[in-house]
Amino acid sequence: MIDINVWTGYWNTLFVKGDVETVRRTVQAYGVEQIFMAPLDAAWCPDPHLYNEVVYKASDRYDDIFPVPIIDPTLPNWQKELNRAAACTEVRLIKLLPGYGGYDLSETDDFFTSVCEAKLGVMIQVRIDDPRHQHPLAQAPDVPASSIAAVAERNPDVTIIIGGASTSTIHALKEQLITLPNLHADTSQLDGLDAIKILVEDSLLPKLIYGSHAPLFMPASSIARILNDLDDESAMKIMRGNGERILNYDF
Amino acid sequence: MTISSLRKQILPDGLVLDIHVHPVHCFGPYTVASVKEDVQRLTASARRSGVTKMCVFSLCPSTPYEPTPDQCGEANDYVLAMRDKAPEIFIPFCYVTPAYPDEAVAEIDRCVRGAQMAGIKLWVARRATDPGLDPIMVQAVQLDVPVLQHAWLKTTGNLPGESTPCDVAELARRHPDARIIMAHLNGAGFRGIEAIVDVPNVVIDTSGGDPESSMVEAAVARLGPDRVVYGSDAPIRHFGVSINKVIGAEIPVEVKRAILWDNAAGLLKMDTR
């Protein structure tokens, strides 16, 4: 199994056990064999690149951890950070947090040109936590998923994964997800009755990749939304096959 | 790990009573043409996730924040019809609005005394501090049924009539003989748990919000294992996602069973097991 959306670190509004070892054990307990891990503390840091070392080191220690560095395309040193990611064979995916960096995705075309040359996939996170539950003095709005689809449309050779979007958001992007071969979505914040079942009936099965959002969310819940409503074959496409196909495209 | 063992890991190993479910006709995701279809949709999904029984309350198809007494009556007729279709699964609660206390009392009399509904549901028409709730609570005590009160603590601001956990605590202190279920553990959060620690006639349901780590553990640690009951808020939330807030929590297995069935069954005074 591949978990495309795992974090390590700590969060201001939740009491999570976010050290690398505990998070690794937690997701392994639910059968995950490839852990795509991003640094959670980076979200609120003015220079999120400072925290990428945490996941590079974790990957050095554990073969099943694939670092997902967070890059801010508005920082002057983004190219250097991107080069570092491209030079690391374990990095297949980088992550953008526009809601926390406070930038507009429409202003990142140079960055995506370089990402394309680096042959890396990009997860763009819609939300980390529910705005209703954020700290009153530390709020980050959701990133419009339509702006992520627009990035995919402008950069057809870059694999783009929408991270942390709701079921209704993904449902509303159905046409773009089907039309754009480079656009995908993780399952980490899909909820509601029959959530994934309905998206699969919408022909979105090839576009969904399993993500737990651990340690913020419980992996058991993340697995249940898939396994309880799908047969083995469909479930394994989301939990392994799609991720292999999308992320190992150049390996 | 095989996929079959993984499936077993995320399913409950015993009975599950979901204290907080709405009909599909309130919140989708399907457009249902009949009570029968609603029952089928909810039941099929619930069974896949291991739910045995569910307390169901309608908030009317248009979910108005200020429902009229007539709308409440229609909502209650709907869940009574659901029980008629599947009495072994659905336990209806009576939805009333404290904006119309006299009508609410009459509706409770019709639905609880007359039609044996098992509880009362209060949503966002008035905060729990409003005196309009008092006759409702008095009648709940007389009829010996619990009251499930919506609560949330929103950074983005509550609705004018939306109760905070502190409001619910105040209600419970005004009516110490009432049995109150405060809805939405993940909406109430850590501060919400603390608000009711010293109010023993309030239990909290695990419904609402995302499956955030450590919340169920925090509720059990601060309130004790007897004051937490499982709820999903389906169809807004997924039954399996919600159940696994409990199954996946780092708490003893007997506490998980209490949350998933025993505590709610006790609250409803059901003959169980």
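1. Within chain B, strand E3 (residues 90-95) and strand E4 (residues 119-122) run parallel and are joined over three bridges; strands are DSSP runs of E with at least two residues, numbered from the N terminus, and pairing needs at least two DSSP bridges. Tyr95(B) sits opposite Lys121(B) of E4(B). Helix H4 of chain B (residues 69-85) packs on the sheet, touching E2 (53-56) and E3, and its direction makes about 170° with that of E3(B). Helices are DSSP runs of H or I with at least four residues, and contact puts backbone-placed C-beta atoms within 7 Å. Angles run from 0 to 180 degrees between N-to-C directions, with axes fitted to C-alpha atoms, for helices over the stretch in contact.

2. A word on the model: it is predicted, with local features requiring pLDDT of at least 70 and side-chain atom pairs pLDDT 80 or more, while totals for chains, interfaces and linings use all residues. Residues are numbered from 1 along each chain as written, and chains are lettered from A and ligands numbered from 1 in the order written.

3. On to the interface: 31 residues of chain B contact 35 residues of chain A. Helices H1 (3-9), H3 (35-48) and H10 (239-247) of chain B each supply at least two residues to chain B's side, and H10(B) gives the most, with five.

4. In chain A, helix H3 (residues 78-87) packs against helix H5 (residues 109-118) at about 20°, with axes 10 Å apart. The two are therefore roughly parallel, a term for angles under 35 degrees. Among the contact residues are Trp78(A) and Leu82(A) of H3(A) and Phe111(A) of H5(A).

Key
Two residues are in contact if their C-beta atoms, placed from the backbone, lie within 7 Å. Angles under 35 degrees count as roughly parallel, over 145 as roughly antiparallel, 65 to 115 as roughly perpendicular and the rest as oblique.
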